[in-house]
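Hi everyone, thanks for making time this morning. I'd like to walk you through one model, so please have a look at it with me.

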Amino acid sequence: MEYHTPGSFKDAATIAAKAEGVTRFLAGGTDVLVQLRADMVTPDVLIDIKQIAGVKDIAPEEGGWRIGAAVAGAEMTEHSELGKEWPGVVEAMDLIGSTQIQGRATLVGNLCNGSPAADSVPALMAAGALVSVVGASGTRKIPVEEIPAGPGKTNLAKGEVISAVHLPARGDNAGDAYLRFIPRTEMDIAVVGCGVSLRLDGSAVAEARVSLGAVAPRVLLVEDAAKAIIGSSLDDAALEALAAAASAACNPIDDKRGTIEFRTHVAGVLAQRAAKIAYERAGGAK
């Protein structure tokens, strides 16, 4: 195994582009090292990005936030300003694993692992987050929803690496929330997850984004669910339309954690509950 500690993301991308065999990037390592030790994946090339300047920074940016690729979940939870503006994103990340895992797990790692049940990804999609992708041709910013491709797969090309997550300016009269259903109280994989972010104009929803996890081969951004509540004050009719749209978007599987029918129903329920929380956080009265 080759082990590299590049000093920049440009160098990391160059190494990855030239690498032969299985290549993995190491930030928190809560997926890569577990898979390695379990003999699930043995990288031929391991690229440790933790020595790159800025990878552990949470910094204000154009009214929003830049979160470095190696920022741990615990560091996000402890950042009071980030939690006030984007509580749903922070809460979603805080649900991943134990206290020990929280000290290492990262948003970028959770995204690039490609799990349809990843907790942070629906919250990031609902937030309208972008990621910086560094490759041979330079750096580009793209929406989070363009990264997942399927179970264990992303749309990143060979030699591309994500350097940071960008959360937009939160602004006034806006809120977000993330909820999941799991069989146990903690340290379990989501049977269904739902992220909602919205902005109010008076008591009416002016903007909204709804995302679902664990109900399809990849995390979904559900535009019909968002349209169902825009213009409403989350009255019963709007909430019913939201639930129906969320359930209609589902394409889940049967497994030991939940049936197709159960996941489809719970998606609608969680969408309603998450929307209510986001609405209250935006200053709406329910």
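Let me start with a term: a nonpolar core here is a set of buried Ala, Val, Leu, Ile, Met, Phe, Trp, Tyr and Cys residues joined through side-chain atoms within 4.5 Å. Buried means under 20% relative accessible area, exposed means over 50%, and partly exposed is in between, with a 1.4 Å probe and protein chains only.

Two housekeeping notes. This is a predicted model, so local features need pLDDT of at least 70 and side-chain atom pairs count only at pLDDT 80 or more, while totals for chains, interfaces and linings use all residues. Residues are numbered from 1 along each chain as its sequence is written, and side-chain values use heavy atoms, with hydrogens and water left out.

Now, the largest nonpolar core has 45 residues, and Met76, Val131 and Leu167 touch the most other members. Several elements give two or more residues to this core, among them helix H1 (9-18), helix H8 (120-127) and strand S10 (161-167). Helices and strands, by the way, are DSSP runs numbered from the N terminus: H or I with at least four residues, or E with at least two. Which helix gives the largest share? H8 does, with 5 residues.

Apart from this core lies another one, of 34 residues, including Leu200 and Ala282.

Let's stay with H8 for a moment. Of its 8 residues, 8 are buried, including Pro122 and Met125. After H8 comes Gly128, whose phi is positive, near 75°.

Back to Met76. Contact means heavy atoms within 4.5 Å. Leaving aside neighbours within four places in sequence, Met76 is in contact with Ile58, Ile67, Val71, Leu82, Val89, Val90, Met93 and Leu107.

On to the aromatics. Rings of Phe, Tyr and Trp (its six-membered ring) pair if their centres lie within 6.5 Å; planes under 30 degrees apart are stacked, over 60 edge-to-face, and the rest tilted. The count comes to 1 aromatic pair. Phe181 and Phe262 form it, edge-to-face, 5.3 Å centre to centre with 65° between the planes. Phe181 lies in strand S11 (residues 174-181) and Phe262 in helix H11 (residues 260-281), so the pair ties together parts that are 81 residues apart in sequence.
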